[in-house]
Amino acid sequence: MDRIVLTGVHANGTHGVLEFEHERAQPFVVDATLYMDLTAAGASDDLNDTVDYGRAAKEIVAVIEGEHADLIEHLAQRIADRLLTMPPVCQVDVTVHKPHAPITVPFDDVAVSITRMRRNPAGETETESHARQSGRQERPHHAVIAIGGNQGDTAGILRDAVRRIDALDGTQVTGVSPLYRTAAWGMADGTPDFLNAVVEITTTLTAHELLNGLQGIERDHGRTRETHWSSRTLDLDIIDYDGIESEDSELTLPHPRAWQRAFVLVPWAALNPNADLPGMHGGPVGELADGLLGEADEPPVERIASDWLSGELQAQHRQSAQPVTAPTSAGEAAVSHEAAGSQRAAETQTGTANASDTADDLQTRPAVISMESTDTDAENLFREAIVAIDGIPGNQVEGISPLYHVGNFDGPDSMSAVIQIRTKLGPRELIKALGVIESMHGKAVDLDLVDMRGVAINEPDCRVPWPSAGKRAVVLAPWMDMDPNATLGGEPVPFLLAMAQDAGRVGMLTDAWILGTGANQ
């Protein structure tokens, strides 16, 4: 069949799934091939026997500049529909390029190509229906998983479980609580204590697919389910999945006994002080935990360590762990002797900040910290820095990005990552603490406070948000992977990344590096 080809038709449009793409126009490029019989035009030399390709180009531009589309698949479909209204066109190939797509790895182009024929009176073709189905994007779900056990190398088994959860298809671990110990009350004398933690994830798996994946991990660690109230090597329970309430016989949501379990609520509150348990017995997790801690028949919950993912538990953790007996604020454990000692050391190292710079004792703020290093052992340096940051009283690590490689033109390549914390420190206090941690590692790792919610300071010793962060893909790419909805200075991080000049120099290495399975393994 004869054809007319249009290549590289440019226009700006507001198309894309992310929120900023609904408002800010970005460039799109379209290639179109129009199929028809050109025999008459070849003989007559008459425009009426062919297609005015100038008009075809204007039709393409009109669609790009017109109504918003989430998917470029849908944008391509609308362009094809418009071109097929132009006789004698009977078939079209349309390719839509999105050169500034917010992708966190180096790329040259993103394009969707479709082929469509003129519609008959019966409506859409099977090809069109299939294309729309395959073009749908899976919405990520949020889930909370309680992990525990009391047989074998329990801490090692729990570490492996976190790694295995993160490795499930479409799943990303976004937060891991400190590790807690609970006495095996109601069981035979001599039954080993349980170790417990809570993990938050995002996943494209359905709730039942996630359950099947977790049960597979349990089986791999020798878990059997003959009895409910018994010792076990590994227990993985879905506590919450998108806030859904369901009485499904295979999976009740939220977990029907979570509201009665301090060994679930206390770690969850430590990980996310603003968490809510849905359902009839639900409510703010911190308040539910506080209520249980006051009951005489409730087993004590002991905080063992915050750095348990980085290696074996140290003896001092076991010796200094203190029961959670009196909440200092909703969902927070009483400070242990170990934490108090760490606090005194931190105060000695960082000095005393002005009162106006210190967050209220009961107030915590989210903050984002970037890490970059050219050291060959950067991956381990980052792990150690995260443990040190999390160990500062008033800090809790909430999210850790994948590990990124950065190609540098004027020096050695580097690695980068971003973490999100919740902190009671003011910006100057936190910056000073980061400086202490840098010094502890001989300045081999660069730690920068990128952003802190509700804080805007531009002074020589304290600039928040960090002024250059919005132009550096080394910060933006891992941050976007950690939190696609993040903003910096009022601008969406994915939009800033799409505009960053160094976007082509960064690439993701691994999203499981924090568990010791990174690029250096």
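Which residues of α7 are buried? Select A262, V264, L265, V266, P267, W268, A269, A270 and L271. Buried means under 20% relative accessible area, exposed means over 50%, and partly exposed lies in between (1.4 Å probe, protein chains only). Helix α7 spans residues 262-271, and nine of its 10 residues are buried, so the rest of the structure largely encloses it.

A word on the model. This is a predicted model: local features need pLDDT of at least 70, side-chain atom pairs count only at pLDDT 80 or more, and totals for chains, interfaces and linings use all residues. Residues are numbered from 1 along each chain as its sequence is written, and side-chain values use heavy atoms, leaving out hydrogens and water.

Zoom out. The chain has 14 helices and 24 strands. These are DSSP runs numbered from the N terminus: helices are H or I, at least four residues, and strands are E, at least two. Of 521 residues, 50% count as buried.

Next, select I147 and L210. They touch the most other members of the largest nonpolar core, which has 64 residues. Such a core is a set of buried Ala, Val, Leu, Ile, Met, Phe, Trp, Tyr and Cys residues joined through side-chain atoms within 4.5 Å. Now color helix α5 (residues 154-167): it gives the most to this core, with six residues. A second, separate core has 29 residues, including V30, A32, I64 and V96.

Last stop: I103. Find it in the loop between β3 (91-97) and β4 (111-117). I103 is partly exposed, with a relative accessible area of 32%.
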